[in-house]
Amino acid sequence: MNQPLAYVHPGAKIAKNVVIEPFTTIHNNVIIGDGTWIGSNVTIMEGARIGKNCNIFPGAVISAVPQDLKFGGEDSLAIIGDNCTIRECVTINRGTVASGQTVIGDNCLVMAYAHIAHDCVVGNNAIIVNGVALAGHVIVGNYAVIGGLAAVHQFIHIGDHAMISGGSLVRKDVPPFTKAAKEPLSYVGINSIGLRRRGFTTEKIREIQDIYRILYQKNYNTTQAIGIIEAEMEATPERDEILDFIRNSSRGVMKGYSGNY
């Protein structure tokens with residue numbers, strides 16, 4: 001690599017066809033895969049693992065140490081999958097001793113000024129819109145969409161195919177396939193448009209709607225709703241994914257929207 005206007009540490013492992021624009025700094029213990037483009041004024045720090053065919057735009061900072069006072073300088077990673085786009089001034093911190101890594105899946109779009117904190121796990125095909133802030137230990141499912149300027153509390157779990165409105169304060173877990181909006185954040189339907197785009201049939205979408213009607217619109221408590229769903233709804237991967245998500249929620253899931261602020 002001969003980049004006269006960029007600094008690449010000799011210990012970094014950069015594929016031969018990576019493009020590194022001027023004024024970028026790449027530290028030791030970094031691996032970057034084939035076909036990736038690194039824009040000007042990007043800082044990629046120790047522990048970064050960046051996949052193939054990614055595009056990282058100017059001002060991004062990848063794998064900086066966590067903003068966590070408990071961090072003791074331990075070795076950890078920030079892993080970005082293949083075919084990801086990281087837009088201007090995004091910050092992605094590496095992990096802590098809790099998990100050792102922050103992980104972004106394949107085919108993700110992280111828009112400008114978003115922050116992904118230590119020990120987060122973002123699934124494949126997720127979209128994180130401008131100015132979103134993910135606190136530490138957040139899990140974001142596959143195909144999830146988080147609207148601009150949303151703030152997500154630490155240890156929150158956002159399910160697959162969920163969609164969260166812009167400006168939301170996410171204090172509770174957001175189950176898969178749902179749309180979340182209002183304040184406090186509440187269930188406002190399922191992400192039917194997104195599901196159709198991803199090949200879900202009308203019958204499958206109707207099944208998911210029926211499950212969430214029981215959970216959110218029939219005035220049952222969560223235990224009652226789970227029992228009814230198990231007794232009355234055919235076992236399918238989607239049904240079981242929803243039930244497992246709710247049972248395993250450590251912070252509790254968002255409530256149904258009642259119309260009361």
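**Local geometry, cysteines and helix packing in the predicted model**

Ala151 is partly exposed, with a relative accessible area of 31%. In this predicted model, the residue belongs to strand 22, which spans residues 151–152. Leaving aside residues up to four places away in sequence, Ala151 is in contact with Ala133, Ser168, Leu169 and Val170. Asn191 lies 40 residues from Ala151 along the chain, and the C-alpha atoms of these two residues are 20 Å apart.

Backbone geometry was examined in several loops. Asn83 adopts a positive phi, near 60°, although the residue is not glycine. Its position is in the loop that links strand 11 (77–80) to strand 12 (85–86), and Asn83 is classed as partly exposed because its relative accessibility is 37%. A positive phi, about 65°, also occurs at Tyr143, likewise not a glycine. Tyr143 is located in the loop between strand 20 (139–140) and strand 21 (145–146); with a relative accessibility of 31%, Tyr143 too is partly exposed. The peptide bond between Glu183 and Pro184 is cis, with omega at about 0°. Pro184 is found in the loop connecting strand 26 (178–181) with strand 27 (186–190).

With regard to the cysteines, the structure contains zero disulfides. Cys84 takes part in no disulfide, and the nearest cysteine sulfur, which belongs to Cys108, is at 4.6 Å, whereas a disulfide requires the sulfur atoms to be within 2.5 Å. Cys84 is buried, as its relative accessibility is 0%. For Cys120, the closest cysteine sulfur is again that of Cys108, at 12 Å, and this separation is too far for a bond. Cys120 also has a relative accessibility of 0% and therefore counts as buried.

The packing of two helices was then considered. Two packed helices are described by the angle between their axes and by the distance between those axes. Helix 2 (residues 202–216) and helix 3 (residues 222–232) have axes that come within 8 Å and cross at roughly 150°. Because angles over 145 degrees count as roughly antiparallel, helix 2 and helix 3 are assigned to that class. The crossing of helix 2 past helix 3 is right-handed. Helix 2 contributes Ile211, Ile214 and Leu215 to the contact, while helix 3 contributes Ala225, Ile228 and Ile229. By residue class, the contact of helix 2 with helix 3 comprises six nonpolar residues, with no polar and no charged ones.

Definitions and conventions:
Residues are numbered from 1 along each chain as its sequence is written. This is a predicted model: local features need pLDDT of at least 70, side-chain atom pairs count only at pLDDT 80 or more; totals for chains, interfaces and linings use all residues. Side-chain values use heavy atoms; hydrogens and water are left out. Axes are lines fitted to C-alpha atoms, for helices over the stretch in contact, and angles run from 0 to 180 degrees between N-to-C directions. Helices (H or I, at least four residues) and strands (E, at least two) are DSSP runs, numbered from the N terminus. Angles under 35 degrees count as roughly parallel, over 145 as roughly antiparallel, 65 to 115 as roughly perpendicular and the rest as oblique. A crossing is left-handed if the near helix is turned anticlockwise from the far one by less than a right angle, and right-handed if clockwise. Contact means heavy atoms within 4.5 Å. Ala, Val, Leu, Ile, Met, Phe, Trp, Tyr, Cys and Pro count as nonpolar, Asp, Glu, Lys and Arg as charged, and the others, Gly among them, as polar. Buried means under 20% relative accessible area, exposed over 50%, partly exposed in between (1.4 Å probe, protein chains only).
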